[in-house]
Amino acid sequence: MKFSTNKLLANVIIIGAQWGDEGKGKITDLLSKSADVVVRSQGGVNAGHTVVVGDQTFKLHLIPSGILYPDTECIIGSGTVIDPQELLEEIDQLVDLNVSTDNLFISQTAHVTMPYHRILDQAAEDRRGKFKIGTTGRGIGPTYSDKAERIGIRMLDLINGDRHPDKLEWTINYKNAVLEKLYGLPPLDAKKVVEEYLGYAERLRPFVIDSSLKINQAVRSKKNILFEGAQGTLLDLDHGTYPYVTSSNPIAGGACVGAGVGPTIIDRIIGVAKAYTTRVGEGPFPTELDDEIGILLGDRGSEFGTTTGRRRRCGWFDAVIGRYAARINGLDCLAVTKLDILDELPEIKVCVAYEVDGETITELPTHANQFARCKPVYETLPGWQTSTTECRTLEELPENALNYLKFLADLMELPIAIVSLGAGRDQTIIVEDPIHGPKRALLNASVNPLQQS
């Protein structure tokens, strides 16, 4: 798998085109080989990217997947929220596995997840009862809430906290009042928390920089920059299946805001989608399978959350949400993952539309109640019932597997640039170079065999 080294298309965003867990970690790791810089732009430790290299499995939550390449600079941008304790544990685990973190950088304006954020997250979720959202309980939502309320603690506040400990103590005591009066929970010891977190700050200080400046310097130097998304389009705070969403903007536009760059520098947007669909947590899921096929997909696909360990809900591929993701993000091409999980099935269904209140619709409803009433309209395709895990070219794929990919490309009105057939780096078919290949307007069947003419 070799990619072009020309610099015509240098700045690429990788986005989840479903509800997250699409395999973005593997695709980012794969493309990081051609990248000079990899930037994580939003989310926190609620994200989990799994990368398999040889016989080693790396589970990353905050650090960009490009860290596994020693010459690639990895930047945690200002749009992320950082749990210092978790980040340091992640750094230590990488070092123990002989992975250098010398090229890791952290935005000075990224907000910090504090102990009270985790407590408030779990308490609020418990109080929601039947209206719970299904958060990871890692304090992400409350951290972003404090950011919007303008009482958040940023990395620059933390690393300078020894000069202004009173600011940190004031914030903790402010939150103690909420813990005690609203939830009846015991307060935190402000001085102990400050002491603990100043210890984290001392270790993290060497990594903290003006990340927007560094990224834009890389742009001016014509470096290849990969923007790594977390979660997925349908979990976007503004454009996802609200209220069952995350607290940030995991769409392409959010990558620019979270990294501190202008949209004019972006050259390519790659959407990652599983060959079927999964989701974690609460909320409507039209193609969800609660039968033996759903169990088979979950077992074969090892569908357990990297962050929480929760079993993911599984269902057929949903082209309605896929087309929506293409529109919201302005996708140029797709990377389809876990095609091999479908290998045993005699037939495979694809949702091409919804039926709701007696009407057939092909666009995603914006109201949660209407979306919850949607029933999938399926087309059924024959399976291939043979292993694809050793395939390395399209020609090696079974005919029905190739036809399935062509069907998805046609429905999504997008070329498929990458097909993943397992967790390993080498278990991948590169249909076209997704970074330096031609832009979408130039693609046709003669260029990409998975794009309809």
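I began with Asp21, which I found in the loop between strand E1 (11-16) and helix H1 (24-32); helices (H or I, at least four residues) and strands (E, at least two) are DSSP runs, numbered from the N terminus. The model is predicted, and local features need pLDDT of at least 70, side-chain atom pairs count only at pLDDT 80 or more, and totals for chains, interfaces and linings use all residues. Residues are numbered from 1 along each chain as its sequence is written, and side-chain values use heavy atoms, with hydrogens and water left out.

**Annotated positions**

I looked up the UniProt record, an unreviewed entry, which places the feature "binding site" at Asp21 and Gly48. These two are spread over 28 residues of sequence but cluster in space, with a largest C-alpha distance of 7.8 Å.

The unreviewed UniProt entry also places the feature "active site" at Asp21, His49 and Lys147. This set is spread over 127 residues of sequence and is spread in space as well, up to 25.8 Å between C-alpha atoms. I noted that Lys147 from this set belongs to the lining of the second largest pocket. On a 1 Å grid over the protein atoms alone, a pocket is an open set of points with protein on both sides within 12 Å along at least five of seven lines, and lining residues have an atom within 4 Å of a point. I keep in mind that such annotations may be inferred rather than shown by experiment.

**Helix packing**

I then took helix H6 (residues 165-183) and helix H7 (residues 190-204), which pack at an angle of about 125° with their axes 9 Å apart. Axes here are lines fitted to C-alpha atoms, for helices over the stretch in contact, and angles run from 0 to 180 degrees between N-to-C directions. That angle makes H6 oblique to H7, given that angles under 35 degrees count as roughly parallel, over 145 as roughly antiparallel, 65 to 115 as roughly perpendicular and the rest as oblique. The crossing of H6 and H7 is right-handed; the near helix is turned clockwise from the far one by less than a right angle in that case, and anticlockwise in a left-handed one. In the contact (heavy atoms within 4.5 Å), Pro165, Leu168, Glu169, Ile172 and Asn173 of H6 meet Ala190, Lys191, Val193, Val194 and Leu198 of H7. I recorded seven nonpolar, one polar and two charged residues in the contact of H6 with H7, where Ala, Val, Leu, Ile, Met, Phe, Trp, Tyr, Cys and Pro count as nonpolar, Asp, Glu, Lys and Arg as charged, and the others, Gly among them, as polar.

For helix H3 (residues 115-128) and H6, I noted axes that come within 11 Å and cross at roughly 20°, which makes H3 roughly parallel to H6. Their crossing is left-handed. The H3 side of the contact includes Tyr116, Ile119 and Arg127, and the H6 side includes Thr171, Ile172 and Tyr183. By class, the contact of H3 with H6 has 10 nonpolar, one polar and two charged residues.

The axes of H2 and H7 come within 10 Å and cross at roughly 40°, and the two helices are therefore oblique to each other. H2 passes H7 in a left-handed crossing.

**Backbone entries**

Most residues other than glycine have a negative phi, and most peptide bonds are trans. I found that Asn98, although not a glycine, has a positive phi of about 65°, and that Asn98 sits in the loop between helix H2 (84-96) and strand E7 (104-107). A cis peptide bond joins Tyr242 and Pro243, with omega about 10°; Pro243 lies in the loop between strand E10 (225-228) and helix H9 (252-259).

Notes
1 Å grid on protein atoms, 1.4 Å probe; cavity = no way out; pocket = protein on both sides within 12 Å on 5 of 7 lines; lining within 4 Å.
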